[in-house]
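Please look over the sequence and the 3D model, and then follow the paragraphs below with the structure open beside you.

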Amino acid sequence: PQAPKQAGAGKLELPGVKKIIAVASGKGGVGKSTTAANLALALSRMGLKVALFDADIYGPSMPLMMGLAGIKPGNRGDRILPLENHGVKVMSIGFMMPDDAPIIWRGPMVMGALEQLLREVEWGDVDVMVVDMPPGTGDTQLTMSQRVPLAGAVIVSTPQDIALLDARKGLNMFRKVEVPVLGVIENMSYYVCPSCGHREHVFSHGGARQAAEQLEADFLGEIPLDIKIRETADEGTPIVVADPQGAHAKAYGEIARKV
Ligand code: ADP
């Protein structure tokens, strides 16, 4: 790939895209992608034109989660047309490569690929673009935060101390590049036993709220650990669409109204 433009070369321009929100986490596996997909769908249910950009280059999950696995985006001239499902436009590096190809690119190549995708996609009119960021706080994330004109970032964390510690790093990264941190979402907040209704705080509880307070960031809400959230995401119809009247859809909807 061509050498990417260096950080500081200015922001990418995405004509037609009004607002871009990053969904980030300090580490992987905390449910960042699941949250990004459900948040995008909740924003769409509010009547907004929504796009979802999967920048999680090492483990792109949007093709599967948005029910678009195995489908290739079309072209118009030299522009790539985003795919669309559940009313949301979706673009992922995952559409561009075979499922079993491991990504072993170095940081600059990752940035080059992400920038190219962002630039060459014909997004059309978009009120909000949700970006599923790569996990962590390395160079890629930093460059991405500098190059993409982000309106703000939300940080997803489990309540566990270690995830929170990483979430703090994520938060500080965005502050460093002057991207407003819109707040913290606690995912896998608690588990409700389907037979008896007992709440189990598997990863302890309330940590994200506390950390948000300490870091003077808003606490945007909590999402429980529920097998239905995983199953619906795996099936390509996330919970906000699969059970639009349910408690989880409501919780994502409340978060969507705050961002
Ligand atoms: P990340 O993007 O942070 O790596 P994912 O969104 O891919 O994390 O989630 C990791 C795994 O956890 C997936 O199998 C996903 O379905 C599951 N998961 C995420 N959030 C929840 C939740 N609230 N309840 C149950 N499973 C969840």
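In this predicted model, the shell around the ligand draws at least two residues from each of four elements, namely α1 (32-45), β9 (181-192), β11 (219-225) and α7 (227-234). Altogether 18 residues surround the ligand, and the closest are G31, K32, S33, T34 and R230. If you sort the shell by class, you find seven nonpolar, eight polar and three charged residues.

The UniProt record, in an unreviewed entry, places the feature "binding site" at G26, K27, G28, G29, V30, G31, K32 and S33. Are G29 and V30 buried or exposed? G29 counts as exposed because it has 12 C-beta neighbours inside 10 Å, and a residue with 12 or fewer is called exposed. V30, by contrast, is buried, because 25 other C-beta atoms lie within 10 Å, and the cut-off for a buried residue is 20 or more. Once residues up to four places away in sequence are set aside, V30 touches S25, V156, S157, T158, A163 and N187.

The next stop is helix α6, which runs over residues 207-214 and in which G207, A208, A211 and A212 are buried. Why can these buried residues be said to line one face of the helix? Seen down the axis of α6, the buried residues fall within an arc of 130°, and so they line one face.

After α6 comes E216, whose phi is positive, near 55°. Such a value deserves a second look, because most residues other than glycine have a negative phi. H86 is buried, because 21 other C-beta atoms lie within 10 Å. M188, likewise a residue other than glycine, has a positive phi near 55°, but the place of M188 is in strand β9. M188 counts as buried because it has 24 C-beta neighbours inside 10 Å.

Two more places give a sense of distances across the chain. G77 lies in the loop between β3 (75-76) and β4 (79-80), and it is exposed, because 6 other C-beta atoms lie within 10 Å. How far apart are the C-alpha atoms of G77 and V184? They are separated by 41 Å, and the two residues stand 107 residues apart along the chain. L64 lies in helix α2, which covers residues 62-65, and L64 is partly exposed, because 19 other C-beta atoms lie within 10 Å. Leaving aside its neighbours within four places in sequence, L64 is in contact with A69, D234 and G236. From L64 to V126, C-alpha to C-alpha, the separation is 22 Å in space and 62 residues in sequence.

Finally, step back to the whole chain. The protein chain has nine helices and eleven strands, and its C-alpha atoms fill a box of roughly 55 × 35 × 35 Å, taken along the principal axes. For 259 residues, a compact globule would have a radius of gyration near 18 Å, and so the 17 Å of this chain agrees with that expectation. Buried residues make up 48% of the 259 residues.

Definitions and conventions: Residues are numbered from 1 along each chain as its sequence is written. This is a predicted model: local features need pLDDT of at least 70, side-chain atom pairs count only at pLDDT 80 or more; totals for chains, interfaces and linings use all residues. A residue is near a molecule or strand if its C-beta atom, placed from the backbone, lies within 6 Å of it. Ala, Val, Leu, Ile, Met, Phe, Trp, Tyr, Cys and Pro count as nonpolar, Asp, Glu, Lys and Arg as charged, and the others, Gly among them, as polar. The arc is that of the directions from the helix axis to the C-beta atoms. UniProt positions are given in the numbering used here, feature names are shortened, and annotations may be inferred rather than shown by experiment. Two residues are in contact if their C-beta atoms, placed from the backbone, lie within 7 Å. The radius of gyration is taken over C-alpha atoms; the globule rule is 2.2 Å times the number of residues to the power 0.38.
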